[in-house]
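Please open the model in a viewer and keep the selection panel at hand.

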Amino acid sequence: MNSEPAVGLALGGGFLRGVAHIGVLKAFQKSGIPVHMVAGTSAGSIVAALYAAGYTPDKMEEITFALHPRDVFDYGPAAVNLFLMSADYLCKLLRIPFPGRRPLGLMNGSKLKALMNRLLGKQRLFGETKIPLGITAVDARDGTLVIFQEVAFEVRTIIPPKDVFVRELPVATAVRASTAVPGLFEPVRMGERLLVDGGLRENIPAYVLRQMGADFIIAVDVGYSGHLPHRLESIVDVLTQSLEIVSSESINLKLEQYADLVIRPVIKNMGPWDFDRIDYCIHQGEAAAEAVVDQIKHRLESWPGERS
């Protein structure tokens with residue numbers, strides 16, 4: 001008799017394209033595909049945390065439809081930080097001391113942090129989610145991968161010596177750290193560490209799910225896939241596109257090693273500010289997942305089996 005495998009879902013970063021993860025979850029819910037644990041990075045960490053906390057895909061869809069850029073981006077503080085960054089640069093050119101605060105990002109991330117606190121609870125810890133949850137961030141000082149999860153699970157792979165496991169930080173704070181795109185949002189301080197977007201090291205955390213004990217890992221890649229954006233009109237557009245291109249090759253290598261199946265929604269012409277295209281993005285995620293539902297069911301029903 002076949003035992004039921006523990007299914008893990010790894011949700012990758014991709015800025016606003018991350019809402020496609022909601023579509024994937026909608027397709028899984030309709031088809032009865034179980035998700036026993038979830039891990040996320042950057043935008044994927046938001047959906048992963050909400051799902052682990054008990055939000056249904058329909059409820060998450062409702063929340064995203066009500067979102068406006070002002071609910072996420074700190075426009076006021078951004079103007080102040082931009083001035084301070086310019087002044088700091090000028091002082092360095094003139095070789096004079098800078099008298100003010102040196103911001104480490106264009107936005108301080110207070111809007112995003114407040115949103116996550118409201119949705120997830122300010123003090124909710126990783127052991128208090130309905131299913132096991134993992135989230136990744138990176139220490140900007142030395143590149144250490146910081147993995148937030150409930151406990152140190154049975155070691156199933158070789159852990160790189162610089163990886164650090166943390167359980168004490170609230171889920172909302174871990175999400176804020178994982179979404180701290182360098183240059184756009186200020187890092188999150190954890191002791192001496194400066195935590196930034198986990199996508200710099202682990203953009204689709206299939207490896208994390210293997211550590212958490214998942215048997216069958218489904219990865220969702222909503223990052224750069226070779227599709228040219230319809231425009232690169234701002235420094236944010238250039239920054240986000242550049243980060244994804246740089247990390248795309250390493251992502252593919254890791255997925256070959258740790259993921260049993262990869263879902264790649266086709267998402268074109270979707271920029272960081274295109275909140276009016278959220279519906280399209282969710283639909284693309286749902287369509288991509290529906291296309292592999294039968295394959296997933298077959299592999300789960302025939303478990304145990306060798307990884308392909």
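Contact here means heavy atoms within 4.5 Å. The model is a predicted one.

Begin by selecting helix 5 (residues 110-120) and helix 6 (residues 171-178), whose axes come within 9 Å and cross at roughly 145°. The crossing of helix 5 with helix 6 is right-handed. Display the side chains next: K113, M116, N117 and L120 of helix 5 meet V171, A172, V175 and R176 of helix 6. Sorted by class, this contact comprises five nonpolar, one polar and two charged residues.

Turn now to the aromatic residues, which form five aromatic pairs in the structure. Select F73 and F275, an edge-to-face pair with 6.4 Å from centre to centre and 85° between the planes. This pair joins distant parts of the chain, 202 residues apart: F73 is in the loop between helix 3 (57-65) and helix 4 (75-94), and F275 is in the loop between strand 11 (261-263) and helix 10 (278-290). Both F73 and F275 are buried.

Continue with F216 and W303, whose ring centres are 6.4 Å apart with planes at 85°, so this pair is edge-to-face. Here too distant parts of the chain are linked: F216 belongs to strand 10 (residues 216-220), while W303 is in the segment after helix 11 (293-301), 87 residues apart. F216 is buried, with a relative accessible area of 1%, and W303 counts as buried at 14% relative accessibility.

Finally, select R277 and Y280; R277 lies over the face of Y280, 4.3 Å from the ring centre.

Conventions
Residues are numbered from 1 along each chain as its sequence is written. This is a predicted model: local features need pLDDT of at least 70, side-chain atom pairs count only at pLDDT 80 or more; totals for chains, interfaces and linings use all residues. Side-chain values use heavy atoms; hydrogens and water are left out. Axes are lines fitted to C-alpha atoms, for helices over the stretch in contact, and angles run from 0 to 180 degrees between N-to-C directions. Helices (H or I, at least four residues) and strands (E, at least two) are DSSP runs, numbered from the N terminus. A crossing is left-handed if the near helix is turned anticlockwise from the far one by less than a right angle, and right-handed if clockwise. Ala, Val, Leu, Ile, Met, Phe, Trp, Tyr, Cys and Pro count as nonpolar, Asp, Glu, Lys and Arg as charged, and the others, Gly among them, as polar. Rings of Phe, Tyr and Trp (its six-membered ring) pair if their centres lie within 6.5 Å; planes under 30 degrees apart count as stacked, over 60 as edge-to-face and the rest as tilted. Buried means under 20% relative accessible area, exposed over 50%, partly exposed in between (1.4 Å probe, protein chains only). A charge sits over a ring if NZ of Lys or CZ of Arg is within 6 Å of the ring centre and within 35 degrees of the ring normal.
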